[in-house]
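Student: I'm new to this one, so could we go through its aromatic rings together? Show me the model and we'll start.

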Amino acid sequence: MKAIKYFSFGIASMLAFSACSDQFLQDKKNYDQVGAEVYNDYDGANGRLNDLYGWCLPTTSTMSWKYPACGLSDNASQSTEEYAGFSVFVNPENILSSDNSTSTSVPDYFMGTSNNIQEAVYGRIRNINDFLRGIESSSLTETQKGVLMGQAYFFRAWCYYNLVKWYGGVPLVKEVLEPVESNYTPRSTTKETIEFILEDLETAAALLADETTDGGWKDGANYGRITSGTALALKGRVLLLWASPIFNRGNDKSRWTVAYNEMREDLSTINACGYGLYSSGSDVNGSDFAKIFTQIGKTNNREAVFFTLYNTTVILTGIDDAAKNNTWERMIRPDNTGGNGASPSSMIINLFPMADGKVPAEANNYTKLQTSDFALDTDYPFMNRDPRFYRTFSFPGFRWAYNGDASLHDAHNPSDGPNYTLWSYVWYTEESQQGNPESGNSYGADNLGAGSTYSNSIIVRKKSDDLDVNGSPLYVYNPSGWKSGAGPFYSAAPLIELRYAEVLLNLAEAACGAGDVPAALGYLNQVRQRAGVPDRTTADFIGDVQAACMSAILYERQIEFAFEGKRFDDMRRWMLFDGGEGQGTLKSSWALTGWDGNTCTWLGFKALNGQRREKIQYRTADRYGLGKAQWDGDPLLDGGGVRPAGVNLNSTTLADDLANLKTWYQDNLAVKTQKGDGRDSQHNDLYIKFQPFYYLLGFSSGVQNQNKQLEQTIGWGDYNKGGAPGTFDPLAE
C-alpha cells in the first residue's frame with residue numbers, strides 16, 4: 001500500500017470522562033505536535049489516548065467509512081427490511097462499479113480523506129501505532145503502560161474489524177510507517193486479518209484485566225472506557241463473522257466450535273466486568289427495553305458494553321469543540337417537536353412478532369418457525385404485538401412525551417411536551433391525490449406540514465428518551481437551537497454500539513452452529529425473557545432443528561436490534577439477499593457447499609431480493625372531505641371529529657386502550673399504502689436487487705489511485721490495470 005502523505009498529527013484531546021457529569025467532554029487540551037516526552041507523563045499519555053477515543057468511537061451519524069451504521073436511514077439500514085427507498089446496494093437500476101467518475105461508484109469504506117491523518121482510516125491506525133510505540137518506549141510503570149496500551153490495542157482491532165467485514169483481507173500496518181513510496185504493505189489474507197484482530201483483542205483483555213474484571217473500572221471517572229469485557233465481546237463478534245457463510249462457504253464446523261468454546265469461556269470475564277441484561281425490576285409493557293438506551297453508569301446500565309458518551313453542551317458555531325451531543329433524538333422525533341422523523345417500512349412493522357413472541361403468519365419470512373396464534377391485522381398492526389413493538393414504533397394516537405415546548409419555536413406546534421401525543425395522520429387537498437400511492441401532496445396534522453415527510457404515518461421511536469419512561473431525561477430542550485438547524489434536543493444519551501443482549505445472541509448463534517441447540521436456546525431465551533415473551537422450544541421449529549434454531553436466532557436479532565444498525569451486517573454475513581446464488585460465477589470455489597448450497601433455503605428465510613418495501617399512511621376518512629394546505633386545515637377536526645386521549649404505553653389496560661384506538665381509526669381514518677421503494681419512469685414497481693459481488697466490496701478508483709499497488713477484489717474492476725478484473729481472493733487462505 002502506498003503510504004498516505006500526512007503532514008501533521010493534528011492531535012486534540014476530544015474526550016474527558018466523568019460519570020453522568022455535565023463536564024463530560026468539556027475539558028479541551030491541545031496535544032498538537034507531541035514529542036516522545038509526552039508519553040513519560042501519565043496525564044499527557046492519557047490525553048493522547050483520549051484523542052484516539054475521540055476519533056474512533058462510533059457516532060450517531062449515517063454510516064460512512066469511519067463509523068458503523070447506528071440505525072438511521074443510510075446505505076446500510078435502507079438495504080434491509082427496516083426502511084423503504086432503494087439504497088445504492090439494492091437499487092436494481094444502478095449497478096455499482098469501481099469507477100469513481102460515475103454516479104454509481106462503490107462507496108469508499110476503506111480510505112476516507114487521504115490528506116488528513118484523523119479523517120483517514122489508516123491515519124487513525126497510524127496514530128494508534130504511534131501511541132503504542134510511544135508508550136512502550138516511555139518511562140511509565142509497566143502497570144501504567146498496560147492500562148494505556150490495552151485500550152489502544154482495542155481500537156486498532158476496532159478499526160481493522162470495520163475494514164475486514166467489508167473487504168476481507170486488508171493491508172495490516174502494525175507499526176508507524178514513514179510516508180515514502182517504498183513503504184508498501186500488501187493485502188493480507190482474510191484469515192491473517194481476522195487472527196490479527198483477535199490477537200489485539202486478547203492482548204487488550206489481558207492488559208485491562210486487573211483494572212476492569214472486578215465489576216468494571218475501579219475509578220468511576222473512567223466509566224465509558226474500554227474494559228476486558230468490551231474487548232472479549234467484540235472478539236465474539238469477530239469470531240462469529242469468521243464462522244458465518246460470507247467467509248465460511250463450506251460450513252466448516254470447526255470454526256463454529258472454536259467460536260462457541262472461546263465465547264463461552266470469555267463470558268465469565270465479560271460478566272466479571274459488571275455487564276448483564278438491563279432490568280429495572282418493574283417492567284411495564286416493555287419499558288425496560290426502552291430504558292436500556294437512557295441509563296448511564298455501570299450500576300445503572302449493565303447492558304452497555306461498548307458505547308459512546310455525550311454531553312448536553314449547546315453547540316456554539318466555530319468555537320465550541322467540547323459540544324458532543326447525541327443527535328438521535330432530534331433525528332427521529334417528529335417535525336413538530338424539533339426532529340426530522342424516521343419512517344419505517346411496512347415490511348419491518350409486519351415482521352415484528354405477535355404477543356406470543358412468534359412470527360405473524362401473514363408476514364412470514366421464516367418458514368421453519370411456527371407462526372403465531374394471533375392474527376395480524378395489517379391495516380391496524382399495533383394490535384397484540386411483542387412488547388418491543390411498542391417501544392420501537394409510534395403510531396397516530398400514541399403518547400410520546402418529552403420535556404419541552406415546541407410552540408416556543410412555532411406557535412402552531414403542540415405546546416405541551418409532557419403530554420405530547422403523536423397525530424401523524426394526513427389529509428389531501430385534491431381528491432385525485434387521495435388514492436395515488438406516489439403522491440406527496442398531503443398535509444400532516446398538528447403542523448407536521450406539507451409534502452412527503454409524513455407520507456408514512458408511523459415513526460421510529462426506538463432508543464428515544466421517552467419522558468413516560470425516563471422522568472429525568474438526558475437532554476436539554478433548547479427551542480432556539482431550531483433556528484441553527486441543529487434541532488432543540490441536545491442529548492447526553494449514550495450511543496450503545498455493542499450491548500449484552502448481543503453478547504448472548506452471538507453466543508447463541510455460535511452454539512447453534514457448533515450443534516449445541518439446547519445451549520443456544522438457553523442464551524436466546526434470556527433475551528426473550530427480558531423482552532417479556534415466551535421461551536423458544538424445539539416445538540416452535542419446523543423441519544431440521546439446527547436450521548430452525550439458527551433461523552430463530554437471526555429473527556430474534558432482527559427484532560431485538562431493529563434500528564440499531566446491525567441488520568445489514570447480519571444479512572451480509574448470512575447472504576440473506578439471495579442465499580448465495582451467483583457466488584460460483586464470481587469464482588467457482590466461492591460457491592456455497594454448506595447449508596445445502598443456499599443459506600436462505602436452509603434457514604427457511606425468504607430472500608430479500610425480488611421483494612418491495614412499502615409504507616403505511618393514515619389519512620382522514622372520506623366522510624370528512626378534503627382539507628386545506630395549512631396548519632389549521634384539518635378536515636377531521638373541522639368536521640366535528642374528536643381525538644381520543646393518547647395511548648400511554650405504561651398503561652395497565654394497554655390492550656383495551658389499543659382496541660379503542662383501532663375503533664377510532666376505523667371510524668375516522670382511511671388506510672392507504674404509500675410507495676416505498678422506487679418505480680421506473682413508467683411508474684412500474686421495481687424490486688430489490690443486491691448483486692452477488694456486493695457481499696465483498698472492491699475499492700473505488702479513487703482509493704486505487706492513491707494506492708497504486710493495492711490489489712483489487714475479485715468481481716470488481718482494477719483501476720490500476722485498466723479496468724481488468726480484480727484478482728484478490730478474500731476467501732483464499
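Tutor: Before we dig in, one term: a residue is buried if its relative accessible area is under 20%. Also keep in mind that this is a predicted model.

Student: Okay, is Phe-393 buried or exposed?

Tutor: The cut-off for buried is under 20% relative accessible area. Phe-393 comes out at 0% relative accessibility, so Phe-393 counts as buried.

Student: How many aromatic pairs does a search of the whole structure find?

Tutor: Each pair is two rings with centres within 6.5 Å. Searching the whole structure for them gives 58 aromatic pairs.

Student: What kind of aromatic pair do Trp-166 and Phe-568 form?

Tutor: Their centres are 6.0 Å apart, with 50 degrees between the planes. Under 30 degrees would be stacked and over 60 edge-to-face, with the rest tilted. So at 50 degrees, the pair of Trp-166 and Phe-568 is tilted.

Student: How many residues apart are Trp-166 and Phe-568?

Tutor: Trp-166 belongs to helix α3 (residues 142-167), and Phe-568 to helix α14 (residues 567-573). Both are buried, by the way. Their pair links distant parts of the chain, 402 residues apart.

Student: And what kind of pair do Phe-352 and Phe-393 form?

Tutor: Here the centres are 5.2 Å apart and the planes are at 75 degrees. Over 60 degrees has its own name, so Phe-352 and Phe-393 are edge-to-face.

Student: Which ring does the charged end of Arg-255 sit over?

Tutor: Look 3.7 Å from the charged end of Arg-255 and you reach the ring's centre. That ring belongs to Trp-242.

How values were computed
Residues numbered from 1 in each chain as written. Predicted model: local features only at pLDDT ≥ 70, side-chain atom pairs only at ≥ 80, totals over all residues. Heavy atoms only, no water. Helix = DSSP H or I, 4+ residues; strand = E, 2+ residues; numbered from the N terminus. Buried < 20%, exposed > 50% of the residue type's maximum accessible area, 1.4 Å probe, protein only. Lys NZ or Arg CZ within 6 Å of the ring centre and 35° of its normal.
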